[in-house]
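Subject: Structure handover

Hello,

Here is the structure I said I would pass on. Notes on what was found in it follow below.

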Amino acid sequence: MAISISRWVQMGLLVLAVVLPLAIQNNFYLDVLTIIFFTAYLGQSWNILGGYAGQFSFGGVMFFGTGAYASTILWTTYGIPPIYGVFVAILAGAIVGLIVGYASFRYGLRGSYFALITLAFAEMLRIIANSVEFTGGGVGIFLNFEPSIMNLQFINARGFYYLSLGMVVISIIIAMWLERSRFGAQLIAIRENEDAAEALGINVLRSKILAIMIMGGMGGAAGTFYAQKYLYLDPPIAYSIALSVEMLLVTIVGGMGTVFGPLVGSFVLHIVTEVAKHLIESPGLSLIVYGFILILIIAYLPNGLIGLFKGLSGKRGK
Amino acid sequence: MMSYTVSMMPAAVMNGLMYGSIYALVALGLTLIYGVLHIINFAHGALLMLALYAAFFLYSILGIDPYLGILIVVPGSFIFGYVLYRFMIGKLAHGKDQNILLITLGLSIVFENMAMLFFSADQRTVNLSYSFETVDLGFVLLSIPKLISFFASLVICFLLWMLMSMTDLGKAIRAVAKERQGARLVGIDVDKIFAATYGIGIACLGAAGCLLLPIFYVDPYTGNLFVIIAFTIVVLGGMGSIVGALIGGFIIGITESVGGLILGESLGQIGISVIFILILMFRPNGLFGGKT
C-alpha cells in the first residue's frame, strides 16, 4: 500500500514539474529550478559511486569538465552539433572514469586515499586544459548562441528547464534501476564490507569501475548541457573544485544511497541559498551556509533529510 | 633556450629548497595529525590561509614583523586547533573516518568564505624594509626573506622533533599513536592528547603562515594551492613520518620550481599532481614507509 501511495506522489510531482512552466512566466524562477535539477543530476552521478558503492570522490568535476570540452570543441572547431557531441561527451566521461577507476581501484585505494586521488586527477586535468591550445587555454572558449534542438539551445528559459528536468528524470530512473538490479546489490555489498563482498564472489574491481564509468558518462552529459546554456568554458569552470564539492554536498544533505536524496538535497540547499542571498547580498555567504549544513548533517543526520522523513514516518519507509 | 634553462637551474633548485622548507612545515602538521589521529585533515589549507591572514593583520594593524609574529601566531594557532578539535571535530564526527574527512571539508568551506566575506578577495602582500635585499652566493642571488624563512622552518622542524622525542607530552603522543587502548590503560587522557596533537599540527601551520607571508601573498583561496602540495608531501614521505615530511618537502619544492623552469609556468604545476597520483598508486606508504 505504502509503495503505491508514494508512486502516486512521484507521478504527481512529475506532472507538476511538467506543467509548472505554463504557470510560471518569470525566467528567474525557471532558471533557479533548472540549476536545482542540474545539480541534482550531478549529485545523482556522485551518488552512484559515493552513495551506493561507498567510494567518495572529491574530484567528480573531472567528468563534467571533460565532457564539456569534448562536445564544445567538436562544435566550435569541427562543426559537429552538440546533439551528437553529447554522446561523445558521455563516452569521454566514461573513459576518464575507466582510467581513473582502473588506476585507483586496481591498487586498492579506498576511503580518504580515493577521495584525494580523484582530487589530484581533476587538478591535473585543469592544469592540462590550461596549458594546451585546443581548449583555448586560460582564455577559454566562447560558444555561439544559435538556438535549435541540434545545438541543444533554446530561445527561452523553458527549453533549458525541460532539458534539465529530462536529465534529472533519467538520473532517477538509473538510480531506481540500480536499487532493483543485481549490480546495485553488489555495489551496496561493496559499500558495507568490501572484503566480504569479494569473498562472496563479487568482482569488486569490475563493479567499482563500472560504477565510476556510469558516474563519468552522466557527468560528461552534464558538461554539454552546461556549456550550451552558459556559453563559456575555461579551466577553472570546467574543473572547479566547488562543483566537485557541490555534487557530494547535495547528495549527503539529501541522503546518500537513496533515489531521491540528491534531488531533495539540491532543492533544500538552493532554496536556502536563494533566501540567504535575498537577505544579505554578499559573495561567499551561501557557501558558509553550505559548509555549516554539511557539518550539521554529518554530525546529526547521517542518513540525510530523506532519513529524517523516514524516521518520522516510522517503519513505513521502504 | 637550452642554455638559458641550464644557467637558471641552480637558481631554480635553490628557490625550490626555500619553498620546500615551508611546504615541509605545512606537511609536518598534516602528517603529525594523520600519524596520531589517523584522520585526514582536509581543512589544512584553509587553516594555513587563516594563519597567513593573522600574520598579515598583525603586520598591517600593529606593525609587528611577520617573523616576530611567530611568537603570537603559533600559540594562537595551537589554542585554536586544540579548541576546534576538542569541541567540534572530535565531538561531531562520532569517530568515523569519512565523517572527519567531510567535517573538515565543511570547515574549510566555512573558513574560506568567511575570509571572503570579511577580508574580500583582494590579494594581500607585505613589504618589509628588507624585502628586496639579497645575498650573493656566487652562483645565485637569494633574497633575505627567503633565507630567513628557510632557516626558521628548519629550526621549527627541529624543535618539533625535540618536542616529540624529548618531552613527556611527546612521549604521550607517541604512545597514543602506537596503541590507543594501551595508552588509555596507563592513564593517558587520549581525547586530550588528540586535541593537543591537532593543536600542534595547526601551530605548525601558524609558523608556516608567518614564514610564508613575506615571500608570498594571501587571499581567501591561497590555502587551496597548498592542499595538494601538502598531501603529496605527506604520502611521499610516509604518513606520520616527520623526517619523511622534511625530505618530501624539499623534493616537492625542487620539483615544482625545476618543473616550472622546464615546462613553463602553467604546465609546470602538473609535476606535483602526477607525483601524487603515482605515489598513491604504487607506494601508498611513501618512499620510506614499509610495504603494505
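A charge sits over a ring if NZ of Lys or CZ of Arg is within 6 Å of the ring centre and within 35 degrees of the ring normal. By that rule the charged end of A:Lys229 sits over the ring of A:Phe160, 4.9 Å from its centre, and also over the ring of A:Tyr230, 5.3 Å from its centre.

The model is predicted: local features need pLDDT of at least 70, side-chain atom pairs count only at pLDDT 80 or more, and totals for chains, interfaces and linings use all residues. Residues are numbered from 1 along each chain as its sequence is written, chains are lettered from A and ligands numbered from 1 in the order written, and side-chain values use heavy atoms, without hydrogens and water.

Aromatic rings: the whole structure holds 35 aromatic pairs over all chains (rings of Phe, Tyr and Trp, the last by its six-membered ring, with centres within 6.5 Å; planes under 30 degrees apart are stacked, over 60 edge-to-face, the rest tilted). A:Phe38 and A:Phe64 are edge-to-face, because their centres are 6.1 Å apart and their planes at 70 degrees. Both are buried (under 20% relative accessible area with a 1.4 Å probe, protein chains only; exposed is over 50%, partly exposed in between). One aromatic cluster includes A:Phe38, A:Phe64, A:Phe160 and A:Tyr230.

Interface: 38 residues of chain A are in contact with 37 of chain B (heavy atoms within 4.5 Å). Between these chains the rule finds 0 salt bridges (a side-chain nitrogen of Lys or Arg within 4 Å of a carboxyl oxygen of Asp or Glu).

Regards
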